[in-house]
Amino acid sequence: MSVGTLGLLYAAATFVFLFSGMPIAFAVGSVALIFMYFFMPVAQLSIIAETIFSELNSFTLLTIPLFIMMGAAIGKSRAGADLYNSLNRWLYKVPGGLGLANTLACSVFAAMCGSSPATCSAIGSSGIPEMRKRGYSERLATGLIAAGGTLGILIPPSLTLILYGLATEQSIGKLFMAGVGPGLMLTAMFSIWVVYKSWAEKNEKISANRSTGIAMPAEESFSWKQRLETLPRLAPFLGLIIIVMVALYGGWATPSEVAGIGAFGALLMVMAIYGCWRWSDLKVILSGTARESSMIMLIIAMSFLYTYVMSYLHITQSAAAWMISLELSKWAFFFWVNILLIVLGFFLPPVAIILMVTPIILPALNALGIDLIWFGVIMTILMEMGLIHPPVGLNLFVISGIAPDIKLKEIMWGTVPFLLLMALGIVLLCIFPEIATWLPSQYSGS
């Protein structure tokens, strides 16, 4: 059997197993084991455990459970609701201030916990009802929370960037730094759109209400005392983020050490500030960390085995050679890879796409001279888009759970402007790559 035929068979088997409903780790692992049995020497089967262990025996992988613990600790507390309430009180005089407060709350909370679904849940549970009460449309209220939640996988700490760094052997610290500029850029773009859209919707409602005689909802008003009293609970968490970023950016600690600082600091803070010191509270945090970490580590382990089989059977090398033989220009190749990743995002979660696709396209990326740190940011934004477009769109279902009375169709339409803004963000990164590459170029760590 030719390598090309074998590769097509391997890809077909992968999609069959993934769409069968099996968990991703078992689906990918099963395909690898079947092809090892039929197409590789029997001796290879006896070293499966050794192969997997050698790949997982990495100090860098320690960042994953530690950052997950940091997010679990913060997600267990009322930090999300407190963050939203604080920003709302400080921004209430700004046009569209409530929407802006939700957008910025998503951005800051994403930096604290690194999880998109957790950000949607924590901010959306308070933000969506308040926005609807204040006259925001269902599409805008749900769309901005769903899109704001995606910032969790771009603004460091980011599990997606960690996995990309492992797959491409790039510096995790530099990838984290590369996510800062684009993360702030997308936050600004989302904020501008939300302020404009909320202002436009408010004017439409005022015009409509004048003709019907219906009064607008009363404007909120907060005293300086009410605004200042929100700071004591938020300051420690913002301080923790600053410490983590300074330690990482200054090269004072490795990403794994920074993750340890973040996890330990977040755990202490939720115990001290929110009283989460009882075993029942800690059990939820620790068991949640163990479950999510085990799931991700198992996917990583099986993905390593999956790519090992591809490499042994020369599928990866042949695919890379075929891509290079197409003689596409750098930007033509970049365009079609973007289309591929968007299509895969319809069906697969970011973890699976990164670990399965990156080893195949990596040789072509290197041959065309594409900056892998820069491309990691682009790929992460594409993964963000996958979180808010159907049919998988994890954030869509999180929002649907928070606001079950809103039709899923309305939530999907609400995310469309933000998908377009993300696409515009990718275009800006192509024109001005320094948005992502300048900060990593100043980074002295590993």
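Helices here are DSSP runs of at least four residues, numbered from the N terminus. The model shown in these views is predicted.

Figure 1. The fold holds 22 helices and zero strands. Its radius of gyration is 23 Å, close to the 22 Å that the globule rule gives for 446 residues, so the protein is as compact as a globular protein of that length. Along the principal axes, the C-alpha atoms fill a box of roughly 75 × 50 × 45 Å. Of the 446 residues, 51% count as buried. Look, too, at how the chain meets itself: among contacts between residues at least 6 apart in sequence, 78% join residues at least 24 apart. The protein exposes about 19,500 Å², and carbon and sulfur atoms supply 69% of that area.

**Figure 2. T289 sits within helix α15.** This helix covers residues 279-312, and T289 is found in it. With a relative accessibility of 6%, T289 counts as buried, because the cut-off for buried is under 20%. Its side chain reaches back to the backbone oxygen of I285, at 2.8 Å. Setting aside neighbours within four places in sequence, T289 is in contact with P65, I68, M69 and A72.

**Figure 3. Helix α19 is mostly covered.** Here 17 of its 17 residues are buried. At 1.5 Å a residue, those 17 residues should span 24 Å, and the end C-alpha atoms of α19 are 25 Å apart, which agrees. Zoom in on the N-terminal end of α19 and you will find its cap, D371. A side-chain oxygen of D371 lies 2.9 Å from the backbone nitrogen of I373.

**Figure 4. Helix α20 has a buried face.** In this helix, residues 394-402, the buried residues are N395, L396, V398 and I399. Seen down the axis of α20, the buried residues fall within an arc of 160 degrees, so they line one face of the helix. An α-helix has 3.6 residues a turn, so residues three or four places apart point the same way. What covers the buried residues of α20 includes α8 (116-133), α9 (138-150), α19 (372-388) and α21 (408-431).

Figure 5. E169 lies in the loop between α10 (159-168) and α11 (172-212). Although E169 is not a glycine, its phi is positive, at about 60 degrees. E169 is exposed, with a relative accessible area of 73%. H314 is not a glycine either, yet it has a positive phi of about 65 degrees. At 45% relative accessibility, H314 counts as partly exposed.

**Figure 6. K330 meets a stretch of chain that is 38 residues away in sequence at L368.** K330 belongs to helix α17, residues 330-345. Its relative accessibility is 32%, and K330 therefore counts as partly exposed. The C-alpha atoms of K330 and L368 are separated by 5.8 Å. Not counting residues up to four places away in sequence, K330 touches L368, G369 and I370.

Note on methods: Residues are numbered from 1 along each chain as its sequence is written. This is a predicted model: local features need pLDDT of at least 70, side-chain atom pairs count only at pLDDT 80 or more; totals for chains, interfaces and linings use all residues. Side-chain values use heavy atoms; hydrogens and water are left out. Helices (H or I, at least four residues) and strands (E, at least two) are DSSP runs, numbered from the N terminus. Buried means under 20% relative accessible area, exposed over 50%, partly exposed in between (1.4 Å probe, protein chains only). A polar contact is a pair of N or O atoms within 3.5 Å; within protein, one must be able to donate a hydrogen and the other to accept it, and residues adjacent in sequence count only if both atoms are side-chain atoms. Contact means heavy atoms within 4.5 Å. The arc is that of the directions from the helix axis to the C-beta atoms. The radius of gyration is taken over C-alpha atoms; the globule rule is 2.2 Å times the number of residues to the power 0.38. Accessible areas come from the Shrake-Rupley method with a 1.4 Å probe; for residues, only the protein chains shown count as cover. The expected span of a helix is 1.5 Å times one less than its number of residues.
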